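Here is a quick tour of a protein model, meant to be read with the viewer open. Take a look at the fold, then follow along.

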Amino acid sequence: MVRQYRSSNGFTLVELIVVMVLLGILSVTLLPRFFSGAGTSEYQYREQALAVLRRVQLQAMQCTDSVFCPEAQLALSASALGITADCRNDATHLCIASRDNVTLSANFNQLSFDTLGRPQGCAVASPACVITITGRNSLQVCIESQGYIRSC
């Protein structure tokens, strides 16, 4: 005896409704994350701030001749960190896009590094130079008095 099976050529109504409900839930929860950097952009800016600070520190440590490396090139100001509107987009500046709703603050006005990589220009009362990156979360970058740059 041979059994004949009917082949189904489509989806059932229940399967279609389940898929539509799942797509609706995913679109409501995940799509805003693709169109907004809220909650993640401050982490990216912290990594960029770490890279900029380490680059300027290495540049100060490698360049000991004041004729070829003037002190102004090795200094980071508040504007170099994107706190003011005077912001250049190069390897020694960190610019914050206004759409990200992220702010930067620092406990120094002018920061430079000596030839041993130690920071110069931090607040005297503070043991470290601190840059605070505030968005949905508040993150900090610390520069210790010996020159160690880390996220704290």
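## Ground rules

Two strands count as paired if DSSP finds at least two bridges between them. Keep in mind that this is a predicted model. With that pairing rule in hand, start with E3 and strand E4 (residues 119–120): two bridges join them, and they run antiparallel.

## The E3/E4 hairpin

Strand E3 covers residues 110–113, and Gln110 belongs to it. Across the pairing, Ser112 sits opposite Gln120 in E4. The hairpin that E3 and E4 make has five residues between the strands, and Gly117 takes a positive phi there, near 85 degrees.

Is Gln110 buried or exposed, or does it fall in between? With a relative accessible area of 42%, Gln110 is partly exposed, because that label covers whatever falls between under 20% (buried) and over 50% (exposed). Gln110 and Cys122 are twelve residues apart along the chain, and their C-alpha atoms are separated by 7.8 Å.

## The four-stranded sheet

Now for the open sheet. Four strands make it up, in the order E2-E5-E6-E7, with antiparallel pairing.

## E5 and E6

How many bridges join E5 to E6? Seven bridges link strand E5 (residues 128–134) to strand E6 (residues 138–144), again in an antiparallel arrangement. The two strands form a hairpin with three residues between them.

Which strands does helix H2 touch? Helix H2 (residues 41–62) packs on the sheet and touches E5, E6 and E7. The direction of H2 makes about 15 degrees with that of E6.

Ser41 is one of the residues in H2. This serine is buried, at a relative accessible area of 2%. Leaving aside residues up to four places away in sequence, Ser41 touches Asp100 and Val102.

## A nonpolar patch on the surface

Over on the surface, there is a nonpolar patch formed by Val19, Leu23, Leu26, Leu30, Leu31 and Phe34. Together these residues have about 600 Å² of accessible area.

One of them, Leu31, lies in helix H1 (residues 13–35). Its relative accessible area is 39%, so Leu31 is partly exposed.

Definitions and conventions: Residues are numbered from 1 along each chain as its sequence is written. This is a predicted model: local features need pLDDT of at least 70, side-chain atom pairs count only at pLDDT 80 or more; totals for chains, interfaces and linings use all residues. Side-chain values use heavy atoms; hydrogens and water are left out. Contact means heavy atoms within 4.5 Å. Axes are lines fitted to C-alpha atoms, for helices over the stretch in contact, and angles run from 0 to 180 degrees between N-to-C directions. Patches are made of residues with over 30% relative accessible area and no salt bridge: like charges are joined within 9 Å, nonpolar side chains (Val, Leu, Ile, Met, Phe, Trp, Tyr) within 5 Å. Accessible areas come from the Shrake-Rupley method with a 1.4 Å probe; for residues, only the protein chains shown count as cover. A salt bridge is a side-chain nitrogen of Lys or Arg within 4 Å of a carboxyl oxygen of Asp or Glu. Buried means under 20% relative accessible area, exposed over 50%, partly exposed in between (1.4 Å probe, protein chains only).
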